[in-house]
Every structure is written in C-alpha cells, then in structure tokens.
Amino acid sequence: MEKNTKTNPPQTSETSKTLSKPRIFFGILFIVIALVMAFSFASYLMNWKADQSQAGTMLDQTVKSSNIFGKVGDWFGKIFIFDSIGVAAFIVAFLFLVVGMLILKKKYFKTWKTIGHSLFFICWLPIFFGAVTRGEGTLSGVYGFQVVDFLSSVIGPLGLWAVIVVSIAMYFILEFNMRPSAIKSRFTELNEQTVGRVKSMMPKSAADFEADAELEELTADGNEIPKVKVTEQPKSRTQTLSKTPKGFPEVEVSNDLETIATPNQTSFEEDRQEEESKTISLSPAGAAPSSVQNLKSEADSFEFKVEVAREIDELDDVDKKSADLVKEHGLYDHTLDLAKFQMPTINLLKDYGPEEISINKEELEENKNKIVGLLKNFNVGIAEIKATIGPTVTLYEIVPEAGIRVAAIKKLQDDIALNLSALGIRIIAPMPGKGTIGIEVPRKNPTMVSMRSVLASHKFQNTDMDLPVVFGKTISNEIFMADLAKMPHLLMAGATGQGKSVGINAILTSLLYKKHPSELKFVMVDPKKVELTLYSKIERHYLAKLPDSDDAIITDTHKVINTLNSLCVEMDMRYELLKNAFCRTIKEYNKKFSERKLNPENGHRYLPYIVLVVDEFADLIMTAGKEVEHPIARLAQLSRAVGIHLIVATQRPSVNVITGMIKANFPARAAFRVISSIDSRTILDATGADQLIGKGDMLYFNGNEILRLQCAFVDTPEVERIVEYIGAQKGYPSAFILPEVPSDEPQNGAAGFDPNEKDALFEDAARIVVSTQQGSTSMLQRQLKLGYNRAGRIMDQLEASGIVGGFNGAKAREVQISDLHSLEQFLQELKNN
C-alpha cells in the first residue's frame, strides 16, 4: 500500500504535463461553445417567434432579446435552426462537445462512429420533422422544408414516407445487427435456453430416485462418500492454458471443471481433431450433444453451413437445365451440318523445293566494307556491326561510336544506296528495343517463301489463334503470323504488280486451311471482277450474300452499298444477342451457346466470324463516296466484338481514298511497294514503303512497330485446286444469307413530291416539257432564261413528281405525260393534295 501511495502522484503529474496550455484552452473553448449553442437553441425554440426579427439587430441597444444568451443566442438559433437544419442543430452542438473532449484526451465516444451517426441524423431528422409538420414551425428548418417539398412534388407523399421509413430501417438494421441471420441465431439461442430450463424443471426418473435413496443411506450410516479421482492434464497443456498475456486480467477458472474425469485420457491433438470433425460433420438424429458441440459458436456450426448450401442450390437452379442437356446430348456441335467436311490438305499447294537460305560470305563482306567505308568518309565511326540474313533482305545492325548522332546516319540513306548499287535500302534509326541502327539491304539472290512451307510449319499447325493469318517470313527467317480477331481490321495498299492480290490470297488461304465452314464466312467485294471470282466455287461453304443476290462475289456498286448496310444490320442484331446473353465478345457467346445455356427459341444461334474483303477500295470511293465510307467506318468502329472483321485493299493510298475516319479504325496496316513517300506516309504514317523492292516485299504495321516481311507466294492454280477441293464436298443448301436492308430511296411519282417546295416556274417548265415532249435541262434554260443550277433543280422536281423519267445519259429524259390536258389535271391533283 505504501508503494501505491508513492507512485500515484507522479502518474497524475505526467498526465497533466502531456496536456499543453493551448490544448487545454481550445478543449475548454469547444466545450463552452457547445454548451452556449445548446442553451441558445433551447431558448430559441421556446421564443423563436418573438426573437426571429432580432437576430439582425446585433448593435441596436433599444431592441431587447428574450433568449438566454441575448442576441448572440438569437443569431445562433436563426443560422442553425431556422435557416438550416432545425432541431438537428443540437447535434452540431454535440459534435463541438465531442471535439472538445478529444482535444482534452477524454475519449468517451468512438470518434468516427460518432461522426457517422451524427451526419446521418443531421441529414434525416430535418426531413422527418418536415414530413411530420409539413414545413410549419422551426423543427425542420429551411433544409428539411425544401427537401420535403421537392420529394413530395417528384414522388408524392406516399413515396416520401417510403423513402424515410426505408432509410431509418436500414440504419437500425446495420447499426443493431438486425439482419435475418442474426435474428435467427438469437431465436435459436433463446430456444436452446428455454429447452434447458424446461428439462431442469421436469420430474426425476426412477433411476434418479434410486440414486438419491442410496446416497441418503450412505450418509445415514456414517460412511464417507467416495471421491472422484481427478486425472491431471499434461503439464505442458496446463501451463499454456494458465498463462495469460501481459495487460489482460487473469480469469479464475471454476473448480467444477476439475471434477470432469475421462476414463481414457487422450492427447490434445486427438481432442482438436475430434472437435474439428464434429464441427464439420452434422451429428445424426437422436444423438446426444457433446460438450464440444455445446461450446461451439453459431458462426462455426449453423450460420456457415446454411449459407453454403443456399449458394449451391442457387447455382444448381441456374445451370441445372443446361447441365442436363449437356449430359443427355453433349456439347452443341456446330459442325454437325457438315460433319464429313474435310479441311484442305497441304498437298494441294505446290512444293517449290527446299527454302534454305544460302549464305554468300563474299556478298556480306563486300557490303560490310562498303557501309563501313562510306560512314568513315562522312566521319561516322562504328563500334560494332553484325548481319542478319533473311529471305529477301539482309539486315546490317551497327553500333555507332559515342558522340555520333543518329540523324547523321539516317540522312545518308541515298548515299548508302548509291554506294551499294542497290534498290530498297531502308535505314531504321534506332531499332525498336535495341541500341543499334539497322540498314536493310536487298540480297542479290533472294529466296522465295512458298505458301506450302509456312502452312506446313509447326507454328501454324498448333496455333490457338481465333483467325490465324500467315503473312510470310521476317528478316530473321521466322514465320510471321497474326490474329485477325485481334487486329481487328487490316488495311492493305500497294501499287499494281507489287504483290497485293497475292497477299489477299495468302490471307484467305490461311483462313481456309484453319476454319470450318460453320465458323467462318466471307463477304467478297471485287470491283475489278477478276481477282476474287475464283472463290465463287465455295459459295455454299464459306461465302455470304444478300437474299436477292444471284452472285456471292459482289461487283456492282449499288449492291456493295446494300451489302455494307446489311452487315451493319447484322452487327446490330449480334450486339442485341450478346446483350441478352450477358456476353462481351463473340467467343464468350459461342462458348455459352455450345454449353447449351442459351435457348434457340429466343433467337440465339451459333455466330460464325464474318470477314469482309474489299479488293479495290479506291474504285468504290470514286463511284459511291460517302455511301460507302460511312458504313465502312461504322463497321470498323463497332464490329470487332461481334466477330465481323474487315480487309480493305487499294492500289492508290491517297488521302481522299484512305480518309482520317478510316485510318483511325484500322490499326493494322500492310504496305507493299508504293510509288512515292507521300503514299507511304498515308498508309503507314512513315516513309519506307517507297523503298521496297516489290515481289511480295512488304511492311507490316501493328500499331507499335513496323516489320519488314517477305509475303508468302500462292499462285492462281494453287488457289483453284483449294476451292475445287472444297467445292466438291457437300455444302449448305445456299450461301450464308445476310439480313435485308430497309430501302430508304425516295418514291417516284406524286407521292414522293412535296408541292410546297416546288419552284415558282415549275408549272411553266412542265408545260414546256409536255408540249415539246423533250425533257432537257438546256431547253429549260433557253426557254425560261434560267441559270443551269435553277434549271437543274426544276428538272429534279419534274422527275420527283413523275412528269419526266430518270437521267438517261446524253439523251433527253423521257416525258411521262402525253398532252397538256392530262398535265393540267395532274397539276390540279398536286394542288389538291
């Protein structure tokens, strides 16, 4: 006791030293402000009608206030109660009190929990009192009145009370743990307690009475009651249980626990395993509860198992039907319609013999010496040089000495080409991902890359790409492949005879060798009418067309416009199917459909990939213009996710053909040799395509870097053998039918003509045309003394009204009305309409 009395005063002095004077001052200040605000609010509520107009007269001594704190109290009441939040202002005073306590380090409240509850009541108390008082008085304040008025006008009084009740109910559920599971566990606990009390009140059985009688006889005879032998627990276990961590109060263990004796003492590990097994497994019906089970918590026994069982039941309800269908019929096989279809064999392609690259050391040494000597002449030192031999081009990688600028080497491109006496010199400065500068020099004896060699490669045969496309080989003689589904669209350009059509055939051939007819469809547009006609033999296998079209290879410009619009309709329909199936891509959708999770009766079907191939895009732009550009741009922007991909090729990559809208949506681009560097910049946004050597030499841009490739060569006879092999097999009844496009063309005749917009000289012009039976714009100019533009507009109106026919080239338009009498009747009908 003496030690305690000596040590207590220093502790109190230490606590007083921890609080500095400013801290004590501000803490007491906040508490005083809280008390002043609380009493001011209470006094204002009692006298607010009399003191309402006195808040603004702080310095007027003639005006007296009835508030307990005078005009300051009136001002507090007006600001916080009348103009703001009503009775919730008391919570603001309470928060000032809490802050003062925290400054004085008196933590009587949980800080963040108190702030959260306070903000909730500050928001909802004014609304509740506003709904009760309907804005009368000061209980709700201006805030409560405005919110109630707004909600009442939007959702009505019933909706207002519904919002208030739901909000308050959610608060109590979250705060007081009134969830259904918690309520259920409390009822279960209460039920167990009730059952235990009832059992204790039940009368004793006969065996119990006999035991009591024997006990009375023993005590009456003076014999001692035999004691129960207590078996001690192992020392290590009792020590670990008896030790208590520092800072925690010691708990006295009841002596009743020591009278529990086990005939065969088991180890602690066995007890723990027994407890775990009992916790996981359900006890059989009628079994007596053990002591371990009585000590379990509801969260470990009942709560967890009920939630897991409910989750499994929900999953079974969702997937039960599809699982039964898969078990009965298996996964949906989209190839069943053409189950016996055989993919083309590699023997259909011509074997051009071994394609090993022959190394000409003399050529390499000669080129190296010329490059090094030329750079030395221009004072460009080289620290290292190495060569990589490709099928067509040899890449010389040089490491310049320190202090040499890259631009100094790049501007020597023409000088290096002159010194090497070679075409197609291209300098890559610097090379992406390397600390070198590349100089590509064409080989004197290039090696051809055949389609057979790349398709027979292990890389192509074992690829897992969705739409694998083989272009050819890189400078390092590696087979280059790309996934058209990830490109997702390809823009090709190249001058005539540089390998562009061969590149298209290589892409189509690689897809034909990898995809089943049920997985892939082509829409082919060939304005030149000779490049893609070979593929008409596989119309019933791989091609798609419009319902009223006779030929699947589209050559007519008008049909091209309808086909592009039809693809837009197909794209929108597919997006609707993906939305209903809760899928993001066509791959997810087809997987779900194959697992029979989508009902075909709801319009769902297996969706094949659709590849649109346009061989000469410049011709379409010249003849159709915006009518082609807009659907192409829309497909390029949106069709990737639904499996529609575009391959657009052109001979003239000018800016009026490849517009900015189209370029922005074609990240993947392939450029064969072009005429000028301007064309190269148009297609690749960089120079280099004008330096290619032709014959399949190409640059591929994937959005990150430009790669130089040698395109694989596939000849026309090889393509013919492939399409004949496919066409000879059983196909679908017809080509894949694209959806119809609603016609937006203006109607001919009076029904499509608006009389209110006709020209003032319309009737005079009609009489001239009918009387002369000549629908000529130049004649209207001469007769009515008009300019060409106005005469042309009048002629268009005459055509729209049905008086003259359509444009007939150099000939005059056909006049539909034979005499003036019929014309007058027709004009009268137009006026009446």
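The model is predicted, with local features needing pLDDT of at least 70 and side-chain atom pairs pLDDT 80 or more, while totals for chains, interfaces and linings use all residues. Residues are numbered from 1 along each chain as its sequence is written, and side-chain values use heavy atoms, without hydrogens and water.

**The sheet**

Start with the open, mixed sheet of 9 strands, in the order β6-β5-β14-β13-β12-β7-β11-β10-β8. Strands here are DSSP E runs of at least two residues, helices H or I runs of at least four, and two strands pair if DSSP finds at least two bridges between them. Select β6 (479-483) and β8 (520-525): each is an edge strand with a single partner, so one side of each lacks a neighbour in the sheet.

Look for V525, whose bridge partner in β10 is V614. Now show helix α18 (500-512), which packs on the sheet and touches strands including β8 and β10; contact means heavy atoms within 4.5 Å.

**Salt bridges**

Select K528 and D615, whose side chains meet in a salt bridge (3.5 Å, N to O). The term requires a Lys or Arg side-chain nitrogen within 4 Å of an Asp or Glu carboxyl oxygen. K528 lies in the loop between β8 and α19, D615 in the loop between β10 and α22, 87 residues apart.

Move on to R605 and E570, with closest N and O atoms 2.9 Å apart. Finish in helix α20, where K579 and E576 lie 3 residues apart and form a salt bridge at 3.0 Å.

Key:
Axes are lines fitted to C-alpha atoms, for helices over the stretch in contact, and angles run from 0 to 180 degrees between N-to-C directions.
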